[in-house]
Amino acid sequence: MKNLLHFFLFVSTLIFGSEGKHVYEKKCAACHELYIPMGVLEKNFMQMDNTLLHLKAPTINQIVYRLKTRIGDPNGDAEMHRMEIESFLEEYFETPDREKSICLPEILNYFETMPSMKGELSEEEFEAIVTFLYEYDPKAYQEKVMQYEPFKEASAKALAEDKLIMIFYTAEHCRYCKKMENEVMSDPDMIKALEKGFVSVKIDVEKGKNPVDFNPTMTPTFLFLSPQQEQLYRVPGSWVKEDFLEILREAKEKYNQTLKKGTKQ
């Protein structure tokens, strides 16, 4: 009987965790990034005043870390700890208060107070998001996160390693940009291909300064530059993994063609 109970609890966690991911994508993803490495977050906030990532709110890995270390007794009974976190979230979702925030004050200064979620979540959705947060494991995302660099650093790295520069032009309101991020740019094969031959830069067209003489007319748009910052290839739109891998191959081929022309000259 005890084993059967554990089985049902396990299955329930899987179901609510899956549903919680859906609730996150539907209700939270517009503001809260799912995962960004702590080292990158530290650089963004401590060295660059949020100008590297332009985050609108804490990331999920930041939130989960603070929840599990600041709310209740992290060394006590796991089920009791979960209930303490659930109680905190229930109150905070309904009446957000900066004084009660679990964020570090120096990080909180970069964000506005979140709006109340009162009436925005059903009881089932709330339970699902609590399970998703409590069961969240950053290790599951560490190998799946695309790393973007500021243009200046990317340019130096591209020259030193003979790689192309890929600029991903995006915007907060762009749902196809988020689709590319969540379904294509997070794919391990895509990350491997980009890290092998490219240095990646992401620019928010509404906030970030455009470092090159090119103004995209839509988002997402991808601009490929040679290591010497010569424009090689520009591609607008959202793509599936297989098509975007082909785009990367075409960008490399265009670069090889410019090298051959330069050799002939």
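# A tour of helices, sheet and rings

H4 passes H6 in a right-handed crossing; that label applies if the near helix is turned clockwise from the far one by less than a right angle, and left-handed if anticlockwise. This is a predicted model, where local features need pLDDT of at least 70, side-chain atom pairs count only at pLDDT 80 or more, and totals for chains, interfaces and linings use all residues. Residues are numbered from 1 along each chain as its sequence is written, and side-chain values use heavy atoms, leaving out hydrogens and water.

**Stop 1: two helices**

Select residues 78-94 for H4 and 123-135 for H6. Helices (H or I, at least four residues) and strands (E, at least two) are DSSP runs, numbered from the N terminus. The two helices pack at an angle of about 125°, with axes 10 Å apart. Axes are lines fitted to C-alpha atoms, for helices over the stretch in contact, and angles run from 0 to 180 degrees between N-to-C directions. H4 and H6 are therefore oblique to each other (under 35 degrees is roughly parallel, over 145 roughly antiparallel, 65 to 115 roughly perpendicular, the rest oblique).

Now show the side chains. On H4, the contact (heavy atoms within 4.5 Å) includes His81, Ile85 and Phe93. On H6, look for Phe126, Val130 and Tyr134, among others.

**Stop 2: the sheet**

Move to the four strands. They form an open sheet in the order S2-S1-S3-S4, with mixed pairing. Two strands pair if DSSP finds at least two bridges between them. Select 198-204 and 231-236: these are the edge strands S2 and S4, each pairing on one side only. From one strand to the next, the twist averages 20°.

Find Thr221 opposite Pro236, then Leu225 opposite Gln231. Five residues lie between these strands in the hairpin, where Gln229 takes a positive phi near 70°.

**Stop 3: helices on the sheet**

Select H9, residues 175-184. H9 lies across S1 (164-170), S2 and S3, at about 135° to S1. Next, select H10, residues 188-197. H10 touches S1 and S2, and its direction makes about 110° with that of S2.

**Stop 4: a ring pair**

How many aromatic pairs does the whole structure hold? A search finds twelve. Select Phe45 and Tyr110: their ring centres are 5.4 Å apart and their planes at 40°, so the pair is tilted. Rings of Phe, Tyr and Trp (its six-membered ring) pair if their centres lie within 6.5 Å; planes under 30 degrees apart are stacked, over 60 edge-to-face, the rest tilted. Phe45 sits in H2 and Tyr110 in the loop between H5 and H6, 65 residues apart.
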